[in-house]
Every structure is written in structure tokens, then in C-alpha cells.
Amino acid sequence: MLKAMLISCFLFTVVGNASVNPDSLILVSSETEDCLMCHSALHPGIVASWNKSLHASSTPAGSMKKEGHARRISSPKIDENLKNTVVGCYECHGLNKDLHPDAFEHNGYTIHTIVSSGDCAVCHQVEEMQYRDNLMSRAHDNLMKNSVYMMLVGSVNGGYSFLNQKMHISPPNDHTLAESCLYCHGTKISITGMAKRETEYGDMLFPVLGGWPNQGVGRINPDGTLGSCSSCHPRHDFSVATARNPYTCSECHKGPDVPAFKVYEVSKHGNIFNSSKSSMNMSSVPWVIGLDFTIPTCATCHVSLIVDETGTVLAPRSHRFNDRLPWRLFGVPYAHPHPLNADVSTIKNKAGLPLPVELTGEPASDWLINKDEQVRRKNAMQRICNGCHSSSWTDQHFERLDNTIRETNALTLTATLLISEIWNQKLASGLPQNDNPFDEAIERDWTKVWLFHANSIRFTSAMAGGGDNGVFADGRFQLTEQIVKLQEFLSRYKKQ
């Protein structure tokens, strides 16, 4: 106990500006105390972040006493060894050691560098189960195991060289992938060996991790679990407020392929958020509309537990981010109903392509949610909208979105018919020739139609963005411009 009290005083001195009651630090485990004694000097930023977190000032046992919507811990039972100390270094980095190939001996303890979603599930079981059934959790394999998508990845990230009067494209290396697509989709973390490093406390052995660092949403962890909770709840304070902030989502959703934040920041919602965010309570659980906030962020619509001032639930908390989404707006190449399962790497359309739609626009229905489920999800989203808007406003907003989806899909079909004829005429080499459909200039023009411009139009419509994002800023002007280019190319070079 004396040691615990000393470490409490020591930490309060080191990070005295943190908003933590030093008395609570008496509940720090002896293992975490040892971690903090060294890392307070080595990594004061990490310790300061943790020290201002709820983890540092509360115990699982205390959290489980909270009732109703205020309870943040979803697991029905917690191991006795974890219940009565704060959630500290060792409580996370020492969990499930037998399941972690990255576990190693460190100053008398066996720990692991990667805190996986499976480790977080010890306390947050429901959230981890929901996230596991979320498209984001499968983002690595849904990209890397799709042969069509990988042709696009290769043509974007590959090494271009001009040799013997010909252009050559070499595959991207692992570092390039990790810095580009897999930054958000997530890498696969592997253990490639052990390495000795010189530290302030002498030479120590550490595992060498391939694919690290990474906090991508679909990261494959060494223990086989999927996802990184720190994508949205950055370590080591794991703040709810940070996860609710639209700037967190903007890290991966900025565009032009997924321009959600770009649209949000110029929308009326974004305008009001920027002028009133200082008065919003971003940490409250549950999140009370009209009291804690009056303008939505990304989390309001997609994730958070939302109640009104009477305690009536407008939206339950969900870490399956498409629970309130009837449409997958991200066109590949058409907008379509959301997939039934998070793992879309096994989807095949009638033509045998790994796509959720036919190239002629029809959904691969066997793999996608049905109309009834679309209606249920649409109603779930509209219930949130109606917390601030009249039902007529909400209904007409969704009528416009439905029109936008039909319109952009029709324009994408026009562009796809043109590129298909270009391929059939052998003016470019693409899918009919079992070749990359993304590596020639005219194919890039077709790709822009749906990957950039149709997506921008749809996100603008869905998020009440309006204005230039749907017209002159990667919108209708650019989309129709690409169609004109495709038509002119075909007219100029087609065989008579």
C-alpha cells in the first residue's frame, strides 16, 4: 500500500495538470505501478494521456455499478483480478498473453505491444461483437483479397518505369501499401523475429513487428482478431469525445473517393458545429440531444447512443456502423444495398467478378440486404433526423437522396457502356481481355466517373451538403465531362 501511495504522489507530480484525483491512483495494480515508474520518464506523453483517461480514474467494478444508459462497460462479467484496479498499462498490455504471438518478456513481465480488439472485448464485449460484424473490421481482406480492387491498387501505387520504349508497372512494396491504402484499411501485423535495442535501462529484446505501426480499421492483429479500437479512440486516453469528433473520421473519410468530411465541413451541420463546438458536451453517456448537443457529428448518425431529455432512446449505441444505412453509397462502381455480411471478399456477381453489382448496374442481390432491411435501417436514421427536423423535412431529404442514387447509377451505366464498347473495339485492354481495367488513360476517365464524382454527388446529397460538392467540386460537371471524354474517344478511334 505504501508503494501504491508513493506512486500516486509521484504520478501526480509528473502529470499534475491532468484532471485526475490522485486518491484514485491508489487502486493502480503493482504491475502497472512498475510500468509507470519507468515510462513516466521515458514516455511522459503516453503517461499524461493515460492519466487523463477514464481508465486511469475508474475500475471495472465501479463502472459495472452504473445503471441504465450511463453504463459504458458492456461485458456481463469481469475477471476478479481485473475488477478492482484501474485499467492501466499491464491490464491492457498483459491481457490474453497465451493468445498473443507477439508476447515477450520485459523486465520480469510477459507483455505484448499490440492491444487488440480482442483485448478490449474483455470489458467491451458487445462493442467488439458489433464491430466484428462491421465492414470496417474486414477492410484489409475486403481490399487485398479482391482481384479487381487489387488491379486498381497496383495501377495507383505501383512503380512506373519507361524501358525499351514501353511503360512498365511493378507491384507496390509493403511499405508503400502501409502508407497508402492500408493506412486506413489496416495492415496484417506479423512477428518477424526478435531484436536487441539499446535503451536507457540497458540492452533489451523486443519483437520485430511487420506491418507496424498501424491503426487501420481492419488491421489483422497477431492474435487473429480484427480491427484497431484506437482508429477512433486514440491511445492512450481512448476518449469518447475524440471518437465523436468529425475530425477523427476525417483521417480516412476526406475524399475524393469517400468525401464525407469534405462534404460535412461545408454543410449547414458543419457550419454550426464549427461555431458551437465549444459549448457541446462531447463526453456524456448517454448523449442527450438538445442538452449535450444540438447539431450532429458523424458519430451522432452512425454510432452513438442518442436519447432525448426524457431518456427516450432515439438510437442505440452500435459499433456496426451500417446499422442505420440502407445504401452503400460508395460505388463499386454503383451504389447498392449494403452487403449481408462484413466479409465481402467472397462476393461474386453473375459475371464471376468479385463485385456486389453487375457491370450493367443490377445488384448482386443474393449477397445484399433486402428491401425490408433497407426500410428498417432508413427508419433508424430518420428517427435521429427527426430529433431536430420535422418529418416533412426528413422525408423530402431522403426523396432527394433516392433520386440522386438513381441518377448517379444511371450516369455510371452510361460511362460503363462506353468503356465496354471501347474494350470490345479493342481500343483499350480491359476486363474482356482479362487485363487491368484501370491502367490506361481512358480507363482512368471511366474510373473517375464512379470512384470520385458519383461518390461526391451521393455523399453531398446524403449529408445535406448541397452546393458545389454536388456540382462543380468533383460533382456533376466533372462526371459528365468524363462521359463526354469517353464518347469522344470512342467516336474518334472506333472501327467502322
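These legends describe close-up views of a predicted model.

**View 1. The hairpin of strands β5 and β6.** Strand β5 covers residues 190-199 and strand β6 covers residues 202-210; the two run antiparallel and are joined by 9 bridges. Between the strands of this hairpin lie 2 residues. T199 stands opposite G202 of β6.

**View 2. The second largest pocket and its lining.** The space in this pocket comes to about 1200 Å³. Elements giving two or more residues to the lining include α3 (44-51), α7 (89-93), β5 and β6. Helix α2 (30-42) is also among them, and α2 provides the largest share, 6 residues. In total 43 residues line the pocket, with H39, I46, H93, I111 and T113 nearest its centre. By class, 25 lining residues are nonpolar, 13 polar and 5 charged.

**View 3. The aromatic pair of Y131 and F321.** The model has 13 aromatic pairs. Y131 belongs to helix α9 (residues 125-132) and F321 to the loop between β9 (313-315) and β10 (327-328), so the pair ties together parts 190 residues apart in sequence. Y131 and F321 are both buried.

**View 4. The aromatic pair of W446 and W450.** This edge-to-face pair has 5.5 Å centre to centre and 65° between the planes. Both residues lie in helix α21 (residues 441-462), where being 4 residues apart separates them by about one helical turn. W446 and W450 are buried.

**View 5. R244 over the ring of W287.** The charged end of R244 is 4.2 Å from the centre of the W287 ring.

How values were computed
Residues are numbered from 1 along each chain as its sequence is written. This is a predicted model: local features need pLDDT of at least 70, side-chain atom pairs count only at pLDDT 80 or more; totals for chains, interfaces and linings use all residues. Side-chain values use heavy atoms; hydrogens and water are left out. Two strands pair if DSSP finds at least two bridges between them. On a 1 Å grid over the protein atoms alone, a cavity is a set of points where a 1.4 Å probe fits but cannot get out, and a pocket is an open set with protein on both sides within 12 Å along at least five of seven lines; lining residues have an atom within 4 Å of a point. Grid points are joined across faces, edges and corners, and a volume is the space filled by probe spheres set on the points. Ala, Val, Leu, Ile, Met, Phe, Trp, Tyr, Cys and Pro count as nonpolar, Asp, Glu, Lys and Arg as charged, and the others, Gly among them, as polar. Rings of Phe, Tyr and Trp (its six-membered ring) pair if their centres lie within 6.5 Å; planes under 30 degrees apart count as stacked, over 60 as edge-to-face and the rest as tilted. Buried means under 20% relative accessible area, exposed over 50%, partly exposed in between (1.4 Å probe, protein chains only). A charge sits over a ring if NZ of Lys or CZ of Arg is within 6 Å of the ring centre and within 35 degrees of the ring normal.
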